[in-house]
Amino acid sequence: MENVGEFVRVEADPDNPAVAVIRIDRPKALNALNGRVTEEIAEAAARVSSDDSVRAVVLYGGERAFVAGADIKEMAELTHAKMLEYSRALQNALTAVARIPKPVVAAISGYALGGGCELALCADFRVVGAKARLGQPEILLGVIPGAGGTQRLPRLIGPAKAKDLVFTGRHVKAEEALEIGLADRVVEDDEVYSAAVELVARYADGPAVALAAAKEAIDRGLETDLDTGLEIERLQFSGLFATEDQKAGMRSFIEQGPGKATFEGR
């Protein structure tokens, strides 16, 4: 694995080579999302999605900030026509992260605001440092979240709590984030990265095809009615009977009991 571009790189965790780290590194701007960073995040998501050696993913911005927000200087003078194009690219990049067919955890230190919070919402789990701050402050700029904040946030924490954050633009401290479901775990700031790797590494030896199916069934099911969601589940469930992991898992259960199968990810 190697750099994707100027501000984003994909690297294997040194202790867990099946865990890929998408590292955002634009330190002078606290990792603010400009057009270049957005493009590189999309490229990184595509890379880890297609790499069979990657079984789980960590999103990480370093110790100072996850992503402080969008690059306001870049977007301030954009016309309506230009913003239609800009926002489409931003949404597409974050959606590419949300659709990585592997378990993904956001390791959040410092600020995860605006576009940074929206990027964190694309992960399956969020590990948050004790001094971190999360939020959707776009309303304070006279606009609304434009990269998933009005859609993914209420799906995660409920509409009333999401409206509170979006309407006020206030920053949420780590403990409140945990209380409302915006964070899954709060740790000391210097433990954020290691805790995120520990959380997601538990899936690295799992049945990769089944994990991808479970993720898609849950995520797609949330976007539709119950009957359609159940049909998505049924088809995913049935399709797994064409995998080697299903054969190995059930054979192991019969011969050795539960929880002892070795999976190859195919």
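The following exercises, each with a worked solution, concern a predicted model.

Residues are numbered from 1 along each chain as its sequence is written. In this predicted model, local features need pLDDT of at least 70, side-chain atom pairs count only at pLDDT 80 or more, and totals for chains, interfaces and linings use all residues, while side-chain values use heavy atoms, with hydrogens and water left out.

**Exercise 1. Cysteines**

Solution. 
- Step 1. The bond in question is a covalent one between the sulfur atoms of two cysteines.
- Step 2. The criterion is a pair of cysteine sulfur atoms within 2.5 Å.
- Step 3. For C122, the closest cysteine sulfur is in turn that of C117, at 10 Å.
- Step 4. Burial is judged by relative accessible area (buried under 20%, exposed over 50%, partly exposed in between; 1.4 Å probe, protein chains only). C117 is buried at 1% relative accessibility, and C122 is buried at 3%.

**Exercise 2. Salt bridges**

State how many salt bridges the model contains, and describe the pairs E6 with R36, R170 with E176, and R220 with E216.

Solution. 
- Step 1. Side chains of opposite charge can pair when their charged atoms come close. The rule used here requires a side-chain nitrogen of Lys or Arg within 4 Å of a carboxyl oxygen of Asp or Glu.
- Step 2. Applying this rule gives 14 salt bridges.
- Step 3. One of them joins E6 and R36, whose closest N and O atoms are 2.8 Å apart. E6 lies in the segment before β1 (8-12) and R36 in helix α1 (residues 35-50), so this pair ties together parts that are 30 residues apart in sequence. Helices (H or I, at least four residues) and strands (E, at least two) are DSSP runs, numbered from the N terminus. E6 is exposed at 53% relative accessible area, whereas R36 is partly exposed at 42%.
- Step 4. R170 and E176 form a salt bridge with an N to O distance of 2.6 Å. R170 is partly exposed at 28% relative accessibility, and E176 is partly exposed at 26%.
- Step 5. In the pair R220 and E216, the N to O distance is 3.9 Å. These two residues are four residues apart in helix α9 (residues 208-221), so about one helical turn separates them. R220 is partly exposed at 32%, and E216 is partly exposed at 39%.

**Exercise 3. Surface patches**

Identify which residues make the patch of negative charge and which make the nonpolar surface patch.

Solution. 
- Step 1. Patch members have over 30% relative accessible area and no salt bridge; like charges are joined within 9 Å, and nonpolar side chains (Val, Leu, Ile, Met, Phe, Trp, Tyr) within 5 Å.
- Step 2. Accessible areas come from the Shrake-Rupley method with a 1.4 Å probe; for residues, only the protein chains shown count as cover.
- Step 3. Lys and Arg count as positive and Asp and Glu as negative, with His and the chain ends not counted. Each charge is placed at NZ of Lys, CZ of Arg, CG of Asp or CD of Glu.
- Step 4. The negative patch on the surface consists of E63, E188, D190 and E191. Among them, E191 sits in the loop between β10 (185-187) and α8 (192-201) and is partly exposed at 38% relative accessibility.
- Step 5. The nonpolar surface patch, of about 260 Å², is made by I72, L141 and V143. I72 belongs to helix α2 (residues 72-75) and is partly exposed at 38%.

**Exercise 4. Backbone angles**

Describe the phi values of L30 and N31, and decide whether each residue is buried or partly exposed.

Solution. 
- Step 1. Most residues other than glycine have a negative phi.
- Step 2. L30 has a positive phi near 50 degrees, and N31 has a positive phi of about 65 degrees.
- Step 3. L30 is placed in the loop between β2 (19-24) and α1, and N31 also lies in the loop between β2 and α1.
- Step 4. L30 is partly exposed, with a relative accessible area of 25%, whereas N31 is buried at 2%.
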